[in-house]
Amino acid sequence: QVQLVESGGGLVQPGGSLRLSCAASESIFNIRFMNWYRQAPGKQREAVATITSGGTVNYADSVKGRFTISRDNAKNTVYLQMNSLKPEDTAVYYCNARSIVLNAWGQGTLVTVSS
């Protein structure tokens, strides 16, 4: 099963930006859905953004216009560019790879938005 490693989290002030990366251990070219999820303290994990193998993207309403998901198949990497960050974006962010026969998760990276 593909291994996923997230990076790029950290502490940022409100209004700031971060770019998360998700590096896969093997090709993601044929993986139907590459997703970012997040889980805030005391809350359930929620979907943030999705990009299909064909390049179609979808976002949670709470991040539309602020976050951008992209994938670089040559580098086996998925990115999440996060702009105009808010305190409510504070969470552990997880990368997920999903297809009919696959449902792989990374270990997560912590994003803290605070002044």
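Trainee: How much accessible surface does the protein chain have, and what share belongs to carbon and sulfur atoms?

Mentor: Accessible areas come from the Shrake-Rupley method with a 1.4 Å probe, and for residues only the protein chains shown count as cover. Here the surface is about 6100 Å², with 48% belonging to carbon and sulfur atoms. This is a predicted model, in which local features need pLDDT of at least 70 and side-chain atom pairs count only at pLDDT 80 or more, while totals for chains, interfaces and linings use all residues. Residues are numbered from 1 along each chain as its sequence is written, and side-chain values use heavy atoms, leaving out hydrogens and water.

Trainee: How many helices and strands does the protein chain have?

Mentor: Both are DSSP runs, numbered from the N terminus: helices (H or I, at least four residues) and strands (E, at least two). This chain has 11 strands and zero helices.

Trainee: What percentage of the residues is buried?

Mentor: Buried means under 20% relative accessible area, exposed over 50%, and partly exposed in between (1.4 Å probe, protein chains only). Of the 115 residues, 44% are buried.

Trainee: Is Ser21 buried or exposed?

Mentor: Ser21, found in strand S3 (residues 18-24), is buried, because its relative accessible area is 16%.

Trainee: Which residues does Ser21 touch?

Mentor: A contact means heavy atoms within 4.5 Å. Not counting residues up to four places away in sequence, Ser21 touches Val5, Glu6, Ser7, Trp36, Thr77, Val78 and Tyr79. Across the chain, 54% of the contacts with a separation of 6 or more join residues 24 or more positions apart.
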